[in-house]
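Dear colleague,

Please find below the sequence and the structure that I am handing over to you. My notes on what was found follow.

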Amino acid sequence: MAEDRFIREWKKTNSVIAGIFTVAIIAGLPVIFRDYYFDILNVKYYFYCGCVIGMTVFILLAAIVYAVKDWKRNQFSHVKELARALHLRSLRAPDWAMLAFLAAALISTFQSEYFYESFWGNEGRYMGMFLLLLYGASYFIISRCLKFRRWYLDVFLAAGLVVCGIGILHFFQIDPIGFKEGLTERDYKMFTSTIGNINTYTSYVALISGMSVVLFVSAENGKRKIWYGINVVVSLFALITGISDNAYLALMALFGLLPLYLFNSLAGVKKYVLMVAVLFTEFQFIDGIIQAYPAGVMEISGLFEVIVGYDKLGLVVAALWALTVILYVADAKLPQTSFAKKESNTGRWIWLGVIILVILGVGYAIYDANINGNAERYGALQGYLVINDDWGTHRWYIWRIGMESYGKFPLIHKIFGYGPDTFGIITVTNYYEEMVQRYGEKFDSAHNEYLQYLITIGIAGLAAYLSLLVTSIAAMIRKAKKVPFLMGIPFALICYGAQAAVNISVPIVAPVMMTLLMVGVASVNGAGDTA
């Protein structure tokens, strides 16, 4: 029993250390700043580095203290016992994926012609080998040491409310603490809240929206229902008013995949329809504000205009709320033995069929608009369906030159890339004059997180990264059968992953996403809050 107490005390100390720094990252990183937007990337990068290095140092100090105690009292018997437990069989699929990701990045760095730049990422967004090593250190500390508690998710959402609140105020052109003082007119529109660039901001808010919606639909306690409901309303409002079309990929992923979680009962269907009603009500409400006070808010364009431009939107909102009321009344009135209230996977299979049909439909529309030349039949959507170099604010051009460069790589670079965060070096070397002549700027990121990894750390690194995401999410989904609220993390990661297809990975949001993943893996690895 003495041995058990000693090990439990050591593990508790490690959990406290991991917990403090986890909170610092998921709640502190999003809100911290120094000179507003002028050095926001540097400040958040160094803050994250400090958190992970500090966590690692304290974990090592705790290990030394407990090892010395064990040596004096028991001749290292406890240390030997813990060492024997450290074997390859103890590694789970996400652990192997993280090790493969780090190995690919290390090989990529050492075989790169630009070792220094690959290690530090100083020619890009600081997403070099050093940051990836910090991911690895924090992953194995948090996933092994942290004792999962629901309140970690609440702390994350609380910080998100602050970020969303400031972003919403900025949408109304209210700047209470002077974030936007000294910005040019262009930058005034492109930066918001305590995050920075609007694309980065919506990638963060996507995490909040994905988690809050799932926590709301899975909550049974009245107070938690209210708390998560507030987060749903605020985060969706912030996501829409973030003025970035990236947000709509996150919304499509969230509302497109949520039925696969909910459509096993009438109760799940009613919750889903309620969330859709809330979303479209916010679209209409925001449009009403813009129409009433056009000079008092920031301009929103893109897909928002397509949605609110539908002349029957008011009827759609009314129908959604009417259907919500009908479903809630039916769920309350129908007996538990009725067919409609029995749990079944039929609804999930039907929805999966709907998803497949939608994907095929979008694929055909892209083919029809580009190959058949029938773009005009798609009206306002043709700007999203017609693919050329200017598509997605030049994203297609960036992707094209990235893939052209990758195609010219020797085999070793195809496997392990050109070096972490070296995309800017590649494009400047091969396409600088063309970029400046056509667009008046140089592109130092692929604006697609997956393509970025493919080009910089190769097919091996991309495969490892995707494996890390997939295996971690799969493990959390399995655990969520016993701990339903844990499902909030997978949906947060899915929303982030959807928008990442057209966005940049930077140390402002990516470390928060990775830390949430680590917290989820920690819940799978050990005991935690199941309330």
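**Cavities and a bent helix**

In this predicted model, the second largest cavity has a volume of about 60 Å³. It is lined by 13 residues, and those closest to its centre are Phe171, Thr192, Thr241, Ile243 and Met298. Helix H7 (151-171), helix H8 (185-190) and strand E1 (191-192) each contribute at least two residues to this lining, with H7 giving the largest share, three residues.

A search of the whole structure finds three cavities of 30 Å³ or more. The largest cavity holds about 110 Å³ of space. Of the 14 residues that line the largest cavity, Met127, Asp421, Gln452, Tyr453 and Ser505 lie nearest its centre. H20 gives the most to this lining, namely five residues. The lining of the largest cavity divides into six nonpolar, four polar and four charged residues.

I would also draw your attention to helix H19. H19 (residues 423-439) spans only 17 Å between its end C-alpha atoms, whereas a straight helix of 17 residues would span 24 Å. Where does H19 bend? The bend, of about 90°, is at tyrosine 431. Tyr431 is also one of the buried residues of H19, which include Phe423, Met435 and Tyr439. The buried residues of H19 pack against helix H5 (115-120), helix H17 (391-408) and helix H20 (449-480). After H19 comes glycine 440, which has a positive phi near 70°.

Yours sincerely

Terms used: Residues numbered from 1 in each chain as written. Predicted model: local features only at pLDDT ≥ 70, side-chain atom pairs only at ≥ 80, totals over all residues. Heavy atoms only, no water. Helix = DSSP H or I, 4+ residues; strand = E, 2+ residues; numbered from the N terminus. Expected span 1.5 Å × (residues − 1). Bend = angle between axes of the 7 residues up to and from the residue. Buried < 20%, exposed > 50% of the residue type's maximum accessible area, 1.4 Å probe, protein only. Contact = heavy atoms within 4.5 Å. 1 Å grid on protein atoms, 1.4 Å probe; cavity = no way out; pocket = protein on both sides within 12 Å on 5 of 7 lines; lining within 4 Å. Points joined across faces, edges and corners; volume = space filled by probe spheres on them. Nonpolar A, V, L, I, M, F, W, Y, C, P; charged D, E, K, R; others polar.
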